[in-house]
Amino acid sequence: MTIRALRPYIIAVGMTLPGIGLRFLHPDVSPLLVALLSGMAILGASFLLTWACEVAQMDIPQAVAVAVVAFIAVLPEYAVDMYFTWMAGQHPESAYSHYAIANMTGANRLLIGVGWSSIVLVFARRFHTGVSLPDDKRTDVLFLGLATIYALFIPLKGSLTWVDGVVLLGIYIWYICIIARRPVEEEEPEGPAALLAHFAKKVRLRSVILIFLFSALVILCNAEPFSESLVASGKLLGINEFLLVQWLAPLASESPEFIIALMFAARGNASLALGSLLSSKLNQWTLLVGMIPGVYAASSGSLSPSINLDTHQFQEILLTAGQSLFAVALLVDLRLHVREALWLFILFAAQLLSPLYDTQVEALLGLAHDPLRLHYFFAQVYLVLAAVLLLRNWRGLLRLREGFKV
């Protein structure tokens, strides 16, 4: 073993140390610096978790690997969101519940709008074609569709309750019960993960467990300072803290998965890359959303009332569900073409940048300013496009029922 082979791990661990120091030393520093260092620590821990999860699947039973490893891989995103949700239960009158929804919706929309589209565009640049998924991914598309259809009813009924959490968690458990009974597919880890894969089994298991524990400690130590400093930084800089929580926080936790997926796509294994981000989307859209009302209830000490949300948060959920349904409609045939990836990215970018031009559009149309107007517009665009695509590809839609098979 050479220092060069260990370099990625040394760099990742080095990224975590300033955040750990901040947590235990409590220096009086600017929230901007706290956000930077704690975000960097979460990013470093996310890389370590990604490599360890890839190796862990070599040595633990498939049923355990699918459920546990999938959860561990998105632990950074969960830690930040669950912190906001827990604080919302402690302080129902505060904006913490809004931050929890912002972080969840931002993470979900980034996965599709940036993650999925980037994989296809990177792959197409070299191989001049779209990305096809294997037949077994029909199960992921099917259950993502089921979760999305249910999520559409959340803003319509105007509440996110423990019942919604039970339904979404039930959808994910159903999905796990199907894929856990499938044969194990042997995949040779690549990149930094390959270093651990070459260890003897006992050493490999101990190394993976140690990385899991260290990464979890780093993430749990930095979730609170990162979350709070993001909000404080927004107020200090005069930037909407809701937007910082929605877009900057998920970037820190999602980046390692994005980067590794893009590397696979650039090497020609785009189906694996897109399949992993599809699974992550399903994971977040069921487990992450489903855990929010449960964590809120545990924090507040009661199953009622439900988490405090307003029209803006429900519009965010509707927009995210609309994008999700559009993405499912595109993947009904288990293929994402270049033009479809471009539409995913263009619509995402147009919605993301809408605060920069919404007042001009409203003035041009002679409408009073409504900050949620374009949210509702883009949600409608996604839903209409999804409906058109599903009607055009009704045969592929019917074939999704094959996803229920083991």
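This is a predicted model: local features need pLDDT of at least 70, side-chain atom pairs count only at pLDDT 80 or more; totals for chains, interfaces and linings use all residues.
Local features rest on pLDDT of at least 70 and side-chain atom pairs on pLDDT 80 or more, while totals for chains, interfaces and linings use all residues. Residues are numbered from 1 along each chain as its sequence is written, and side-chain values use heavy atoms, with hydrogens and water left out.

**View 1. Helix 7, from residue 162 to residue 179.** Helices here are DSSP runs (H or I, at least four residues), numbered from the N terminus. Helix 7 has 18 residues and spans 26 Å from first to last C-alpha, close to the expected 26 Å (1.5 Å times one less than the number of residues). Its buried residues (under 20% relative accessible area, 1.4 Å probe, protein chains only) include Asp164, Gly165, Leu168 and Tyr172.

**View 2. Helix 7 meets helix 11 (residues 270–300).** The two axes, lines fitted to C-alpha atoms over the stretch in contact, come within 7 Å and cross at roughly 150°, on a scale from 0 to 180 degrees between N-to-C directions. Among the residues in contact (heavy atoms within 4.5 Å) are Trp162, Leu169 and Tyr175 of helix 7, along with Trp285, Leu287 and Met291 of helix 11. The contact residues divide into 12 nonpolar, five polar and no charged; Tyr and Pro count as nonpolar, and Gly as polar.

**View 3. Phe47 in helix 2 (residues 31–56).** Phe47 is buried, with a relative accessible area of 15%. Beyond its neighbours within four places in sequence, Phe47 touches Pro256 and Ile259. Val218 is 171 residues from Phe47 in sequence and 12 Å away in space, C-alpha to C-alpha.

Note on methods: Helices (H or I, at least four residues) and strands (E, at least two) are DSSP runs, numbered from the N terminus. Buried means under 20% relative accessible area, exposed over 50%, partly exposed in between (1.4 Å probe, protein chains only).
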